[in-house]
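Hi,

Here is the structure I said I would pass on.

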Amino acid sequence: MSRYALELLDIGCTFRAKDAQGQRYTAVAGTTLRIGEGEFVSVVGPTGCGKSTLLNVGAGLLEPSSGTVKIFGQPLAGINSRAGYMFQTEALMPWRSALANVMVGLQYRGVSDDEARAQAEQWLSRVGLRGFGDRYPHQLSGGMRKRTALAQVLALDPDIILMDEPFSALDVQTRQLMENEVLELWADKKKAVLFITHDLDEAIAMSDRVVVLSAGPATHPIGEFAIDLPRPRDVAEVRTHPRFVELHTQIWNVLRDEVLKGYAQQLQKAA
Ligand SMILES: Nc1ncnc2c1ncn2[C@@H]1O[C@H](COP(=O)(O)OP(=O)(O)OP(=O)(O)O)[C@@H](O)[C@H]1O
Ligand SMILES: [Mg+2]
């Protein structure tokens with residue numbers, strides 16, 4: 001068996017623009033990314049560079065224009081059923097209660113209603129939402145909705161967890177609480193995690209490895225850093241660690257120019 005849970009090998013993604021005739025946009029080119037079993041890897045890069053695109057490729061939601069995806073050494077065809085996916089945007093079903101939202105994936109898998117309910121209740125408790133199962137998404141705070149989405153993913157016990165800026169909409173305190181909770185849950189089960197974020201501090205605090213992507217078009221990795229900070233970590237405290245500061249400086253040196261390029265491109269697009 002492969003020691004990699006997820007391999008993106010020489011991935012390219014080209015989109016055809018809908019408005020202009022035949023115009024194509026190469027978002028991602030020549031990108032190779034490997035996530036070991038039980039490894040927590042963050043990918044940082046400027047806005048619009050292709051992070052969500054890469055995650056969609058890993059999830060099997062988007063077929064790359066070139067390259068191969070392997071899951072535990074096997075080529076991926078169709079949806080990646082070994083992965084759980086936490087989206088950048090809200091993904092709860094508004095017409096279902098929190099409990100029913102967590103249950104739905106289990107029910108799709110053929111788990112009986114009673115068993116799905118029991119497991120979903122357990123997961124809601126684990127993410128700090130005991131007693132909130134009957135609330136509908138609009139009756140929950142943003143942080144609670146994210147917790148529900150986390151329970152939804154973890155309930156399926158995926159071998160690979162894909163997270164696309166899951167906490168970027170939260171206030172700093174809630175965010176740090178949730179980051180710590182994710183680290184605790186991860187330490188317990190050691191799944192392979194691919195974590196996408198804008199936030200370099202978050203990436204360093206959480207990960208075993210941080211991969212920096214270039215600005216688009218033709219985004220590709222331009223740096224890779226092993227995060228040799230001790231675990232368990234508290235995401236707030238670890239930021240004062242001298243090694244954290246050192247790593248932050250090193251990675252920011254690579255990321256800064258790409259962020260500026262990405263920002264200039266966004267302005268150009270908006271003009
Ligand atoms: N289906 C599509 N059709 C056309 N262009 C697309 C499509 N999906 C993504 N793109 C383009 O590919 C580029 C990368 O998009 P992507 O959503 O992966 O960026 P991102 O790094 O996740 O950005 P953000 O940090 O803002 O979430 C963008 O320029 C986007 O406009
Ligand atoms: Mg994105």
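For the element names, helices (H or I, at least four residues) and strands (E, at least two) are DSSP runs, numbered from the N terminus. With that in hand, Phe72 sits in the loop between β4 (66–71) and β5 (74–75). Its phi is near 45 degrees, which is positive although the residue is not a glycine.

Some housekeeping: this is a predicted model, with local features needing pLDDT of at least 70 and side-chain atom pairs counting only at pLDDT 80 or more, while totals for chains, interfaces and linings use all residues. Residues are numbered from 1 along each chain as its sequence is written, chains are lettered from A and ligands numbered from 1 in the order in which they are written, and side-chain values use heavy atoms, leaving out hydrogens and water.

The peptide bond from Gly216 to Pro217 is cis, with omega near -5 degrees; Pro217 is in the loop between β9 (209–213) and β10 (221–226). The bond from Arg231 to Pro232 is also cis, with omega near -5 degrees, and Pro232 belongs to the loop between β10 and α7 (242–270).

Now the ligand. Which residues come nearest to ligand 1? Of the 14 around it (a heavy atom within 4 Å), they are Thr47, Gly48, Lys51, Ser52 and Thr53. Three of these make polar contacts through their side chains (a pair of N or O atoms within 3.5 Å; within protein, one must be able to donate a hydrogen and the other to accept it, and residues adjacent in sequence count only if both atoms are side-chain atoms):

- Lys51: a side-chain N or O atom is 2.7 Å from an oxygen atom of ligand 1.
- Ser52: a polar side-chain atom lies 2.9 Å from an oxygen atom of ligand 1.
- Thr53: a side-chain N or O atom is 2.5 Å from an oxygen atom of ligand 1.

On to the helix packing. Axes are lines fitted to C-alpha atoms, for helices over the stretch in contact, and angles run from 0 to 180 degrees between N-to-C directions. Helix α2 (residues 98–108) packs on helix α3 (residues 113–126) at about 125 degrees, with the axes 8 Å apart. In contact (heavy atoms within 4.5 Å) are Ala98, Leu99, Val102, Met103, Leu106 and Gln107 from α2 with Asp113, Ala116, Arg117, Gln119, Ala120, Glu121 and Leu124 from α3. By class there are eight nonpolar, two polar and three charged residues (Ala, Val, Leu, Ile, Met, Phe, Trp, Tyr, Cys and Pro are nonpolar, Asp, Glu, Lys and Arg charged, and the others, Gly among them, polar).

α3 in turn packs on α4 at about 130 degrees, with axes 9 Å apart, so this pair is oblique too. Here Gln119, Trp123 and Leu124 of α3 meet Thr148, Ala151, Leu154 and Ala155 of α4. That contact has five nonpolar, two polar and no charged residues.

Finally, the axes of α4 (residues 142–155) and α5 (residues 172–189) come within 11 Å and cross at roughly 15 degrees, so the two are roughly parallel. Gly143, Lys146, Arg147, Leu150 and Leu154 of α4 touch Thr174, Leu177, Met178, Glu181, Val182 and Leu185 of α5.

Cheers

Terms used
Parallel < 35°, antiparallel > 145°, perpendicular 65-115°, else oblique.
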